[in-house]
Amino acid sequence: MCCEKDGEFYASHFGRSNLCYGFYGCRGKHRKLAFFSEGVLMNPMYRQAHFLQSGAKLADLPMHAGREVAFAGRSNAGKSSAINALTGQQSLARTSKTPGRTQLINLFEVNDQAILVDLPGYGFAKVSVAVKTAWQHNMADYLSRRGNLRGVILLMDVRHPLTEHDQQMLSWCRGAGLAVHCLLTKADKLNRGAAGNALLQVRKALTTLHPNASVQLFSALKKTGIGEVHAVLDSWFGFASA
Ligand code: GDP
């Protein structure tokens, strides 16, 4: 907590890495500078993310040598808001909301080693059986056969976690041997006690649904939990923690 000691700044250490993302007042032996996005310290790497390509199914996606991390969740879970918050951008994930692209797999390149993948939202009430069947087929195919997929960030509204489709997603990931990190989104909608209880309950349920999955609270609105997610992404992408 070196920066806190200096009193000019409230930043400190992020997640598992020992990097100090604080600066101005910090007189500690820290090397890496970060930047602010609406008052939140960000790992600058993710700010570089830009739209790369879309595809309807696995066969349409480009081959590349980097690693992918996929973002999954039901429609309205807060996936676009989370991707924007994690990349410090206002409208990166708007790409995924462009008519015609909502059911596509959208790739965002951080650098040539790291690609963020926005999977189509699910839980759609008004779509046909054929669309749902195609979604199931395409998701199962992508998750089980995408060789450079390193892990899945599963987003669930903190007030309605572990829907049937969320459990389906966890089951596919477990079957494919994929790491999963769950975000309980919109955590600002609950008070601290209720959010903590939701976290405990989901953590408990995961011990049977996907024993290796981790979970955290997240709010794109309040910009809370970003450092924790970046630490997971850094680890999956193999970014050096210096
Ligand atoms: P997506 O369909 O999963 O991409 O969800 P969006 O990111 O579009 O968010 C759906 C709705 O939830 C929008 O009205 C957002 O403004 C709202 N939302 C997203 N994240 C948060 C959050 O952290 N807190 C609150 N209170 N609302 C949020």
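What share of the 242 residues in the protein is buried? Buried residues make up 40%. A residue counts as buried if 20 or more other C-beta atoms lie within 10 Å of its own, as exposed if 12 or fewer do, and as partly exposed in between, with C-beta atoms placed from the backbone. This is a predicted model: local features need pLDDT of at least 70, side-chain atom pairs count only at pLDDT 80 or more, and totals for chains, interfaces and linings use all residues. Residues are numbered from 1 along each chain as its sequence is written.

**Overall build**
- The protein has six helices and nine strands. These are DSSP runs numbered from the N terminus: helices are H or I with at least four residues, strands are E with at least two.
- Of the contacts between residues at least 6 apart in sequence, 67% join residues at least 24 apart. A contact means that two C-beta atoms, placed from the backbone, lie within 7 Å.

**Around the ligand**
- The ligand is surrounded by 16 residues, and the closest are Gly 78, Lys 79, Ser 80, Ser 81 and Leu 221.

**Helix H2**
- Seven of the nine residues of H2 are buried. They are Lys 79, Ser 80, Ala 82, Ile 83, Ala 85, Leu 86 and Thr 87.
- These buried residues pack against strands E4 (67–73), E6 (114–118), E7 and E8 (179–185), and against helix H6 (226–237).

**Largest nonpolar core**
- This core holds 55 residues; Phe 71, Leu 116, Val 117, Leu 154, Cys 182 and Leu 184 touch the most other members. Such a core is a set of buried Ala, Val, Leu, Ile, Met, Phe, Trp, Tyr and Cys residues joined through C-beta atoms within 7 Å.
- Strand E7 (residues 149–157) supplies the largest share of this core, six residues.
- Beyond its neighbours within four places in sequence, Val 117 contacts Glu 68, Val 69, Ala 70, Phe 71, Ile 105 and Leu 107.

**Helix H5**
- Ala 195, Ala 198 and Val 202 are buried in H5. Seen down the axis of H5, its buried residues fall within an arc of 55°, so they line one face. The arc is that of the directions from the helix axis to the C-beta atoms.
- The face turned away from that buried side carries exposed residues, including Arg 192, Asn 197 and Lys 204.

Terms used. A residue is near a molecule or strand if its C-beta atom, placed from the backbone, lies within 6 Å of it.
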